[in-house]
Amino acid sequence: MNLHTTPHNSRAPRTTRRLAALAATAAMVVAGVQAGTAVATPDDDARTTAAMPATAAALGVNPSAQRATAIKSAQADASSAAKALKLGGQEKLIARDVIKDARGTVHTRYERTYDGLPVLGGDLVTHATAAGKIKSVDKATDAKIAVASTTPKLKAAASARKVIYAGGENPVLAWETVKKGVQKDGTPSRVHTITDATTGKKLHSYEAIETGTGNSQYSGEVEITTTKSDAGFELTDGERGGHKTYDLNQGSSGTGDLVTDDDDTWGDGTGGDRQTAAVDAHYGAAKTWDFYKTALGRDGIAGDGKAAYSRVHYGENYVNAFWDDSCFCMTYGDGEGNKAALTSIDVAAHEMTHGLTSATANLDYAGESGGLNEATSDILGASVEFFADNASDAGDYLIGEKIDINGDGTPLRYMDKPSKDGNSADFWDENLGNLDVHYSSGVANHFFYLLAEGSGKKTINGVEYDSATSDGSTLTGIGREKAYQIWYKALSVYMTSTTDYAGARVATEKAATDLFGADSEELKAVSATWTGVNVK
């Protein structure tokens, strides 16, 4: 299918918008670092403040220029914040992000060091008045950060990093090593292992590359933004932070070649045309950027106005897609026979959202926090799909419905009843953290669906759903927009690297209070919905 062109954008003469044939699939992924959560309760005055409309502004619009200034200011005041929090003399705070919401509350996210060493699992978020008075704090750990000595008894590899590991019951001096390689399916591997520097005991391990699965395509015509070059046109989106899309030419490293074209007409809607996958990845990234900006008031993945980049045609017959923090990029395989690129709207949104999670709560990709990490990508991936309003891929609560991973037309995951995939959990129980994070994510996915749409039978965009609660209660949804605003607010200012499901309930209740008020129906719905998935 050939593309139709549209007029040049008069505001950016070297940037043109074009309609391109779309062909893609859906795939899901991961990211994070620790486990165990402590969450503070908002002040009473915050709970009695009149409800505010849930808009992007209420979430905390923070243009990139303002964000940079705010972080610099927060770092200048970091010692005062540490003193107010009564941290030890050897502890220091490093400001990572600052968000000021419509109520005037300033939420500052910090990493922590001890005697100059990074503290893994020591992150925290302060919530202060505009005048700088700290009202409450959310910590990844309540343990006192202190060790008897920062001189290790055991030696480690030359490349190892000395750290304080605070993910267990008591902080310990540790070594962090990174082993690079390739996973069985061809995905790059970067395994971080934390080892006690005194006893040699393995304390924690996680895979830093976030991955997904899929092997199908869908078609449609979409608008993409390209940039004119001396040789013709290139897939550089000057309207969205300069996002670029590269062709790896079946390679597995570097960036390959920037995708270019002579006449600004891209792809033919089939897997046989190399440009088609690039069009899909470029389009999905643009829609996710627009969703972050319009719906969440966020200026890019990291909030700094800078784009990630996309790489397509990774490896041979690679049936996967992944986000990698080290390159700040999304990478997509071509699927079986190199004809089914994993580049649909919800794949791009899922992958990019792993970057968003890393830039905010940095949920550890293990245990319950890992499930929340995966669910966040599913939740915002589905939300972007609805936001894109693409007739060829209408929004739904089915994850990977276009990839036909099972070969029978069924989706990869179901948000209304996660257990329909044969592995995911519908409700919380004490063993949930032992599941693979793609399956423990089911409880949060189920929570989001119920919060947005309610329980019982429904038909949405032609798809039939039937969702039940653990206690047989009947729930009325508050709408998808309010639901994703609450989730994002909780992720960006209340969750930490170790947040578990109990902590997620507290975080979303705080977020609903901030956005809608202490007596709001939305807050009541959040609480009732968590109870409905057995998180009490």
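**Aromatic pairs, a buried helix and a loop serine**

Modeller: The charged end of Arg480 sits over the ring of Phe386, 3.7 Å from its centre; the criterion is NZ of Lys or CZ of Arg within 6 Å of the ring centre and within 35 degrees of the ring normal. This is a predicted model, in which local features need pLDDT of at least 70 and side-chain atom pairs count only at pLDDT 80 or more, while totals for chains, interfaces and linings use all residues. Residues are numbered from 1 along each chain as its sequence is written, and side-chain values use heavy atoms, with hydrogens and water left out.

Biologist: What lies over the face of Phe233?

Modeller: Lys228 does, at 5.6 Å from the ring centre.

Biologist: How many aromatic pairs does a search of the whole structure find?

Modeller: The search finds 16. Rings of Phe, Tyr and Trp (its six-membered ring) pair if their centres lie within 6.5 Å; planes under 30 degrees apart count as stacked, over 60 as edge-to-face and the rest as tilted.

Biologist: Why is the pair of Phe447 and Trp530 stacked?

Modeller: The ring centres of Phe447 and Trp530 are 3.8 Å apart and the planes lie at 10°, so the pair is stacked. The pair links distant parts of the chain, 83 residues apart: Phe447 is in helix α9 (residues 442-453) and Trp530 in helix α12 (residues 521-532). Helices (H or I, at least four residues) and strands (E, at least two) are DSSP runs, numbered from the N terminus.

Biologist: Is Phe447 buried or exposed?

Modeller: Phe447 is buried, with a relative accessible area of 1%; buried means under 20%, exposed over 50%, and partly exposed in between (1.4 Å probe, protein chains only). Trp530 is buried as well, at 0%.

Biologist: Which aromatic pair do Tyr501 and Trp530 form, stacked or edge-to-face?

Modeller: That pair is edge-to-face, with 6.2 Å centre to centre and 80° between the planes. Tyr501 belongs to helix α11 (residues 501-516), 29 residues apart from Trp530 in helix α12.

Biologist: Turning to helix α6, how many of its residues are buried?

Modeller: 15 of the 15 residues of α6 are buried, so the helix is largely enclosed by the rest of the structure.

Biologist: Now Ser424: where does it lie?

Modeller: Ser424 lies in the loop between β22 (413-414) and α8 (437-440). At 7% relative accessibility, Ser424 counts as buried.

Biologist: Which residues does Ser424 touch?

Modeller: Not counting residues up to four places away in sequence, Ser424 touches Arg413, Pro418, Ser419, His438, Tyr439 and Gly442, where contact means heavy atoms within 4.5 Å.
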